[in-house]
Amino acid sequence: MKITLIDYGMGNHLSVRNALSRLGYNSSVSQDPIVIKNSDFIILPGVGSFRRAMENLNGLGLSEAIIQAATENGIPMLGICLGMQLLGSESTEDGTSEGLHLIDNKISKLDSSSGIRIPHVGFNNVYWKTANALTDELNQNSDFYFTHSYAMTDSDKSADYIYCDYGAPFVAGFRKHNIFGVQFHPEKSQRTGLKLLKNFLEIKRA
Amino acid sequence: MLKKRLIFTLLYKNGSFLLSRNFRLQRVGDIQWLFKNYHFETISDAIDELIVLNLDDDETKIPGFLNTLEEMVGHCMIPVAAGGQIRSVEMASALLAHGADKLVVNTACFEQPELVEELVSRYGSQCMVASIDWTGPDNLKVFSHSAAQEQGLLHDHLKRLEGLNVGEIYLNAIHRDGTGQGYDFDALNAVPNDWKVPIIMAGGAGHSSHLSQALEHPLIDAAATANLFNFVGKGLASARRELLQCEAPLAKFDD
């Protein structure tokens with residue numbers, strides 16, 4: 001089984017790879033479009049600003065490879081944190097920039113008008129109305145580790161969502177066909193996080 | 001509900017982990033000592049995050065620190081913030097490449113604010129923790145260079161850090177550092193109105209009741225301890241258990 005973590009110069013791959021090896025999976029890190037398109041599972045991690053991440057993805061010729069892998073090849077794909085946001089349509093972080101448009105949701109700063117502190121850092125519980133493959137055997141209100149200032153909307157109606165409340169509800173995760181995203185860090189979320197990663201790697205390709 | 005956090009801070013210099021008392025350092029043990037005495041494989045059951053600070057200004061020792069960082073990250077599945085000696089984007093990027101999730105800056109906030117701005121823009125606010133060493137009792141002051149150089153008022157520095165868009169503040173009381181006498185909450189009087197940045201309290205925790213005082217405080221988001229002796233063995237795990245029994249707002253982890 002070929003699990004590829006996409007390297008675009010901005011992710012912390014080590015923690016995700018450590019978590020996968022705890023589950024008994026080998027993974028590799030690549031920025032080669034051919035390797036990416038021939039994977040069984042693709043993980044898009046990421047720490048940093050949306051604009052710089054998209055500049056890197058475009059500059060390395062990876063945006064097209066990711067879109068093809070997800071749409072034409074139907075490879076199960078998981079975006080983590082910034083990686084999830086990159087799957088969206090656009091973000092207002094560091095000026096407005098376009099995302100990969102794999103899900104039709106915009107990304108904007110968390111609303112702090114209720115007095116919440118930003119960034120949103122720490123464990124917070126998540127919930128869902130419609131279960132999806134990622135939430136299999138997970139309890140509603142499980143705690144996951146978050147660290148972010150921006151979040152995605154849920155305007156794309158063709159997806160199932162996981163939510164979290166911080167000031168107001170925001171998208172903590174989604175599934176749209178074979179494309180998945182989580183705003184939290186499953187690789188930093190104890191056994192619950194490992195279970196979620198395992199759920200992702202057990203998805204059967206359509 | 002967002003939970004508060006329990007953080008363990010490790011001070012590192014040239015292959016050893018150190019105990020600091022009012023910034024006087026004592027070597028305690030190497031990474032094997034740490035793994036063994038802190039049951040490192042299960043430490044993520046007890047704490048929410050780890051902070052690792054390299055106190056060595058000898059640049060030839062940086063590769064050794066990076067290797068130690070990577071080894072620690074491989075042994076615990078929790079967020080790790082790393083810092084000490086961050087004077088360039090290259091150093092910051094090396095820490096992240098060796099497994100750090102966040103960067104801790106202190107002296108750079110005074111001497112190279114443009115570097116802090118660059119790191120915020122590159123990696124995002126959530127990646128940047130500004131550590132502050134402060135002391136009182138009157139006119140609370142901040143210090144850089146491991147508490148050696150005075151840098152003005154705590155209140156002004158907090159304002160400056162807010163302007164730099166750092167993601168978190170690590171508030172360390174120099175006079176309580178390593179004493180085990182409990183936190184000094186006076187620093188919170190210097191926090192500007194309408195403050196939005198998460199605060200980690202540090203300096204002085206010696207007992208789980210100290211941690212609990214911090215976690216109950218509305219202005220505090222996380223409680224840190226750097227004391228290598230007070231919570232040795234299963235001390236952190238039992239502290240978390242006691243805190244949860246008193247209904248401290250910490251995450252409950254599944255078995």
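Which residue forms a salt bridge with A:Lys176, and how far apart are the closest N and O atoms? I looked this up first. The model is predicted. The partner is A:Asp156, and the closest N and O atoms are 2.9 Å apart. I then checked where the two residues sit. A:Lys176 lies in strand E12 of chain A and A:Asp156 in the loop between strands E10 and E11, so the pair ties together parts that are 20 residues apart in sequence. I noted A:Lys176 as buried, at 15% relative accessibility. A:Asp156 is buried too, with a relative accessible area of 8%.

**Entry: salt bridges in chain B**

I counted salt bridges over all chains and got 20. I picked two from chain B. In one, the side chains of B:Glu49 and B:Arg5 meet at 2.7 Å, N to O. B:Glu49 is in strand E4 and B:Arg5 in strand E1 of chain B, 44 residues apart, and the pair links distant parts of the chain. I found B:Glu49 buried at 2% relative accessibility, and B:Arg5 buried at 1%.

The other joins B:Glu59 to B:Arg87, with the closest N and O atoms 3.5 Å apart. Both residues are in loops: B:Glu59 between E4 and helix H2, B:Arg87 between strand E5 and helix H3 of chain B. This pair ties together parts that are 28 residues apart in sequence. Are these two residues buried or exposed? B:Glu59 counts as exposed at 55% relative accessibility, and B:Arg87 as partly exposed at 41%. I also noted a network: salt bridges that share partners join B:Arg5, B:Glu49, B:Lys102 and B:Glu168.

**Entry: chain B as a whole**

I listed 8 helices and 12 strands in chain B. Its radius of gyration is 17 Å, close to the 18 Å that the globule rule gives for 255 residues, so chain B is as compact as a globular protein of that length. Its C-alpha atoms fill a box of roughly 45 × 40 × 35 Å along the principal axes. I noted that 58% of the 255 residues count as buried. Of the contacts in chain B with a separation of 6 or more, 69% are between residues 24 or more positions apart.

**Entry: where chain A touches chain B**

I looked up the contact next. Chain A gives 37 residues to it and chain B gives 49. The area buried between them is about 3300 Å², and carbon and sulfur atoms give 48% of that. On the side of chain A, A:Arg117, A:Phe123 and A:Gln190 lose the most area to chain B, together 22% of what that side buries.

I found 6 salt bridges across this interface. One pairs B:Glu41 with A:Arg22 at 3.7 Å, N to O. There are also 19 residue pairs in polar contact across the interface. Among the elements giving two or more residues to the side of chain A are helix H1 and strand E8. E8(A) gives the most, with 6 residues.

A:Leu14 and A:Val16 are among the buried ones.

Then I turned to A:His120, which is in strand E8 of chain A. A:His120 counts as buried, at 0% relative accessibility. I listed its contacts beyond four places in sequence; they include A:Phe146, A:Cys164 and B:Leu2. A:His120 and A:Phe146 are 26 residues apart in sequence and 6.6 Å apart in space, C-alpha to C-alpha. The side chain of A:His120 also makes a polar contact of 3.1 Å with that of A:Asn124.

Technical notes. Residues numbered from 1 in each chain as written. Chains lettered and ligands numbered in written order. Predicted model: local features only at pLDDT ≥ 70, side-chain atom pairs only at ≥ 80, totals over all residues. Heavy atoms only, no water. Contact = heavy atoms within 4.5 Å. Buried area = accessible area lost by both parts, 1.4 Å probe. Salt bridge = Lys/Arg side-chain N within 4 Å of Asp/Glu carboxyl O. Polar contact = N/O pair within 3.5 Å; in protein donor to acceptor, adjacent residues only side chain to side chain. Helix = DSSP H or I, 4+ residues; strand = E, 2+ residues; numbered from the N terminus. Rg over C-alpha atoms; globule rule 2.2 N^0.38 Å. Buried < 20%, exposed > 50% of the residue type's maximum accessible area, 1.4 Å probe, protein only.
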